[in-house]
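Please look at the sequence and the structure shown below before reading on. The briefing after it is grouped by topic, so that each point can be checked against the picture.

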2 protein chains.
Amino acid sequence: MPRNAANTRKTIVDAAVSLFYAEGIRRVSVDAVAEKAGVTKRTLYYHFRSKDDLIATYLESRDLPNLQTFRRWFEETDGPLAAKVEAIFSHLARASRHPKWRGCGFLRTAAELANMPGHPAVKAGSAHKKRVEGWLADEIVAAGVANAQDKARQVVLLMDGAFSLVLVHRDPAYFEAAGAAAASLLGGDG
Amino acid sequence: MPRNAANTRKTIVDAAVSLFYAEGIRRVSVDAVAEKAGVTKRTLYYHFRSKDDLIATYLESRDLPNLQTFRRWFEETDGPLAAKVEAIFSHLARASRHPKWRGCGFLRTAAELANMPGHPAVKAGSAHKKRVEGWLADEIVAAGVANAQDKARQVVLLMDGAFSLVLVHRDPAYFEAAGAAAASLLGGDG
DNA sequence: GTCTATAAGCCGATAGAC
DNA sequence: GTCTATCGGCTTATAGAC
């Protein structure tokens with residue numbers, strides 16, 4: 001594959017994704033991203049205005065892939081709505097057992113940038129979370145369940161609560177408990 | 001008040017609490033904490049082994065005060081269990097409107113230290129969250145509601161989900177929605 | 001126990017060559 | 001568009017005086 005500009009840019013973003021997720025955005029230096037991408041820092045600054053720009057690009061690059069993963073887990077599961085939603089939580093529980101799991105990159109970035117509410121990366125996180133909530137609402141409507149907006153919001157509250165508490169306690173049981181609660185409110189026990 | 005050792009130590013911890021919560025633990029330097037406390041860096045390092053030690057002390061110092069605030073909000077509210085628990089969420093929604101609000105310090109620290117699971121500060125956060133969950137379970141038992149453990153866990157999932165999503169979206173409505181959901185599962189609508 | 005001073009290295013960002 | 005080289009400043013932590 002020829003090394004053109006778009007290609008180099010993607011290589012840098014991939015390196016940023018890997019390092020920022022693994023170690024946190026403040027802990028990872030621009031030098032480290034450049035080295036991992038196999039380019040010099042000067043090249044990195046040719047493609048990105050600043051480290052903040054790179055951080056925002058990192059999260060924007062994860063929006064669609066993460067949403068698609070949720071959709072796939074949902075669609076691959078047979079049964080009623082409650083079972084399909086609960087399957088998302090079961091997959092997250094399994095993922096959280098992996099030694100490289102570090103919680104939700106969007107939430108962790110918002111936590112690291114809590115003193116900069118208007119930061120583009122925080123906005124990217126907000127947009128992603130809204131997209132997930134909106135998609136869930138659409139699926140709940142499609143399943144003919146009432147109060148879809150309220151229920152979608154409760155599901156994402158449980159999901160992001162589990163992301164946070166599993167990160168704190170390192171105990172996947174919080175994903176299981178959240179999944180059971182989500183299934184229950186979607187009529188999974190009826 | 002005489003400036004003795006315990007006094008100096010407390011002054012340093014107070015400065016750390018204020019700065020670490022406002023700006024994040026990685027963003028705040030030891031120099032900044034020492035300056036805010038009105039001591040030199042050498043004095044700070046006399047009282048604390050390292051910055052990590054100071055970070056852990058910061059969170060440990062917030063365990064009891066935060067729990068006591070929750071208890072007070074709960075006890076000051078008249079009515080059934082569901083209303084008393086929902087009041088906690090209403091107070092959090094109000095607090096989150098303050099311009100200096102930055103989410104939950106325990107969750108934000110766990111997010112910043114996600115690559116160091118055994119860090120003493122993360123353990124302090126885990127202990128605090130367990131204490132809140134345990135206290136809620138006790139109150140649910142005392143109110144004679146069934147499945148107290150499961151319900152306490154669902155309440156903390158909703159609460160920490162709201163902490164996270166209000167930080168991302170800067171929208172207190174997530175605290176209100178979480179409070180309504182918590183009240184509902186505790187029989188508030190029955 | 002608190003001070004002044006500084007070590008030793010990493011940080012984000014830039015200059016200028018080609 | 002990518003390179004080599006480096007700036008000025010900030011970082012955690014320590015040495016030695018009193």
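Predicted model: local features only at pLDDT ≥ 70, side-chain atom pairs only at ≥ 80, totals over all residues.

The element that gives the largest share of the surface near DNA strand C is α3(B), which supplies four residues.

**The surface near DNA strand C**

- DNA strand C is surrounded by 17 residues, and the closest of them are A:Val30, A:Lys41, A:Tyr45, A:Lys51 and B:Arg42.
- Sorted by class, this surface near DNA strand C has six nonpolar, six polar and five charged residues.
- In the case of B:Arg42, an N or O atom of the side chain is 3.4 Å from a base nitrogen of DNA strand C.
- Two or more residues of the surface near DNA strand C come from each of these elements: α2 (30-37) and α3 (41-47) of chain A, and α1 (5-23) and α3 (41-47) of chain B.

**The interface of chain B and chain A**

- Chain B gives 39 residues to the contact, and chain A gives 39 residues.
- The two chains bury about 3400 Å² between them, and 67% of this area is on carbon and sulfur atoms.
- In chain B, the residues that lose the most area to chain A are B:Leu157, B:Val168 and B:Tyr174, which together make up 18% of what that side buries.
- Between chain B and chain A there are 13 residue pairs in polar contact, counted where both residues have pLDDT 80 or more, whereas zero salt bridges are found across this interface.
- The side of chain B that touches chain A draws at least two residues from each of α1, α6 (105-112), α7 (120-142), α8 (148-169) and α9 (173-185) of chain B, and its largest share, 13 residues, comes from α8(B).
- By class, that side of chain B has 20 nonpolar, seven polar and 12 charged residues.

**Salt bridges**

- Over all chains, the structure holds 14 salt bridges.
- One of them joins the side chains of A:Asp63 and A:Arg131, at 2.1 Å from N to O, and this pair links distant parts of the chain, with A:Asp63 in helix α4 (residues 51-76) and A:Arg131 in helix α7 (residues 120-142), 68 residues apart.
- A:Asp63 counts as buried because its relative accessibility is 12%, under the cut-off of 20%, whereas A:Arg131, at 40%, counts as partly exposed.
- Another salt bridge is formed by the side chains of A:Glu133 and A:Arg153, at 2.8 Å from N to O, and it links helix α7 of chain A, which holds A:Glu133, with helix α8 (residues 148-169) of chain A, which holds A:Arg153, 20 residues apart.
- Where do the two partners of this pair stand, buried or exposed? A:Glu133 is buried, with a relative accessible area of 9%, and A:Arg153 counts as buried at 18% relative accessibility.
- In chain B, B:Arg49 forms a salt bridge with B:Asp53, their closest N and O atoms being 3.9 Å apart, and B:Arg49 counts as exposed because its relative accessibility is 72%, over the cut-off of 50%.

Methods:
Residues numbered from 1 in each chain as written. Chains lettered and ligands numbered in written order. Heavy atoms only, no water. Near = heavy atom within 4 Å. Polar contact = N/O pair within 3.5 Å; in protein donor to acceptor, adjacent residues only side chain to side chain. Nonpolar A, V, L, I, M, F, W, Y, C, P; charged D, E, K, R; others polar. Contact = heavy atoms within 4.5 Å. Buried area = accessible area lost by both parts, 1.4 Å probe. Salt bridge = Lys/Arg side-chain N within 4 Å of Asp/Glu carboxyl O. Buried < 20%, exposed > 50% of the residue type's maximum accessible area, 1.4 Å probe, protein only.
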